[in-house]
Amino acid sequence: FGRNIDTSVPTIELRASVNNTTVKTKISYSEKATEGLDVGYDIGNFDGSAFDVFTHLVDGSLANNFTHQSLPTSTMETTSIPLGVKADAGSEIEFVSKMIALPSGIEIYIEDRLLNEYVKLSETASYTVQLKEAVNGVGRFYLHTKSNSLTVPTFTLDDITIYNSKSTVFIEGIISQDFELVIYDLLGKVVYRGNHQGTGKNSIELPPMEQAVYVVQVRTEVGVKDKKILLKK
């Protein structure tokens with residue numbers, strides 16, 4: 001059970017449609033919410049539908065599916081929300097979003113890590129994907145909320161170069177634009193996340209990590225670029 005959503009509460013309503021069937025999940029923001037389980041505000045999913053959409057808690061403390069998740073207002077632009085889908089192989093899914101009382105200038109993005117796509121959503125701008133295999137869970141799709149930049153990027157994904165020297169990662173080609181650097185281990189766990197402003201050549205010293213191969217992901221206004229690197233001590 002959970003409280004009804006007030007129209008004055010900042011809320012994202014994400015809708016997913018296949019043929020004539022539409023399902024939805026909601027994320028709301030509150031000063032009282034946490035990234036974990038908030039009893040009375042987070043509403044579990046009953047998992048009774050053959051086609052469904054849901055989220056997982058941002059802090060990863062539970063593996064349950066949620067129809068409604070509450071998050072802290074202060075983390076609106078820094079969290080990646082795991083978005084889960086339950087659908088059959090061959091399904092063509094269209095994602096659209098509705099924004100309720102979100103701060104001015106905030107935009108919603110859906111990230112598809114399998115296809116390496118990062119797309120802005122709205123009631124008129126959607127993201128459509130056809131599933132080659134049946135899915136039931138999280139790990140492929142994520143939701144992000146970011147401020148809408150008024151500046152025009154002066155670079156493309158082809159301009160971005162990623163490399164490292166020991167534990168320092170170098171990002172070249174991003175000029176006067178903010179970007180997010182996310183590093184995953186080969187199991188898909190996030191081991192580093194940080195926001196940076198492009199200087200043309202950024203050098204980012206990483207915290208201590210095990211010597212291993214990692215995936216570096218650079219998220220920008222023009223898209224997402226990945227590269228595998230070997231971190232050495």
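This is a predicted model: local features need pLDDT of at least 70, side-chain atom pairs count only at pLDDT 80 or more; totals for chains, interfaces and linings use all residues.

1. The largest nonpolar core has 27 residues. Those with the most contacts inside this core are Tyr29, Leu83, Ile93, Phe95, Ile110, Phe141 and Leu143. The elements that supply two or more residues to the core are strand 1, strand 2, strand 6 (81-87), strand 7 (92-100), strand 8 (106-112), strand 10 (127-130) and strand 11 (135-147). As a general point, nonpolar side chains in soluble globular proteins tend to be buried together.

2. Which residues does Ile93 touch, leaving aside its neighbours within four places in sequence? Its contacts are Ala16, Ser17, Val18, Phe51, Val85, Ala87, Tyr127, Thr128, Val129 and Leu131. Ile93 is also listed among the residues with the most contacts inside the largest nonpolar core.

3. A search of the whole structure finds 10 salt bridges. One of them joins Asp112 to Arg140, with the closest N and O atoms 2.9 Å apart. Asp112 belongs to strand 8 and Arg140 to strand 11, so this pair ties together parts that are 28 residues apart in sequence.

4. Lys201 and Glu172 form another salt bridge, at 3.8 Å from N to O. Because Lys201 lies in strand 14 (residues 190-205) and Glu172 in strand 13 (residues 168-184), the pair links parts that are 29 residues apart in sequence. Lys201 is partly exposed, with a relative accessible area of 48%. Glu172 also counts as partly exposed, at 24% relative accessibility.

5. Strand 14 and strand 13 are tied together by a further pair, Arg193 in the former and Glu180 in the latter, whose positions are 13 residues apart in sequence. The closest N and O atoms of this salt bridge are 3.1 Å apart. Arg193 is partly exposed at 30% relative accessibility, whereas Glu180 is buried at 4%. Both residues belong to one network, in which salt bridges that share partners join Glu111, Arg113, Lys146, Glu180, Arg193 and Arg219.

6. Where does Val39 lie? Val39 is placed in the loop between strand 2 (21-30) and strand 3 (43-44). Its relative accessibility is 72%, above the 50% cut-off, and Val39 therefore counts as exposed.

7. Two residues deserve a check of their backbone angles. Most residues other than glycine have a negative phi. Asn19, however, has a positive phi, near 55 degrees. Asn19 sits in the loop between strand 1 (11-18) and strand 2, and it is exposed, with a relative accessible area of 76%. Asp47 likewise has a positive phi near 55 degrees. Asp47 is found in the loop between strand 3 and strand 4 (52-55). At 40% relative accessibility, Asp47 falls between the cut-offs of 20% and 50% and so counts as partly exposed.

Notes
Residues are numbered from 1 along each chain as its sequence is written. Side-chain values use heavy atoms; hydrogens and water are left out. Helices (H or I, at least four residues) and strands (E, at least two) are DSSP runs, numbered from the N terminus. Buried means under 20% relative accessible area, exposed over 50%, partly exposed in between (1.4 Å probe, protein chains only). A nonpolar core is a set of buried Ala, Val, Leu, Ile, Met, Phe, Trp, Tyr and Cys residues joined through side-chain atoms within 4.5 Å. Contact means heavy atoms within 4.5 Å. A salt bridge is a side-chain nitrogen of Lys or Arg within 4 Å of a carboxyl oxygen of Asp or Glu.
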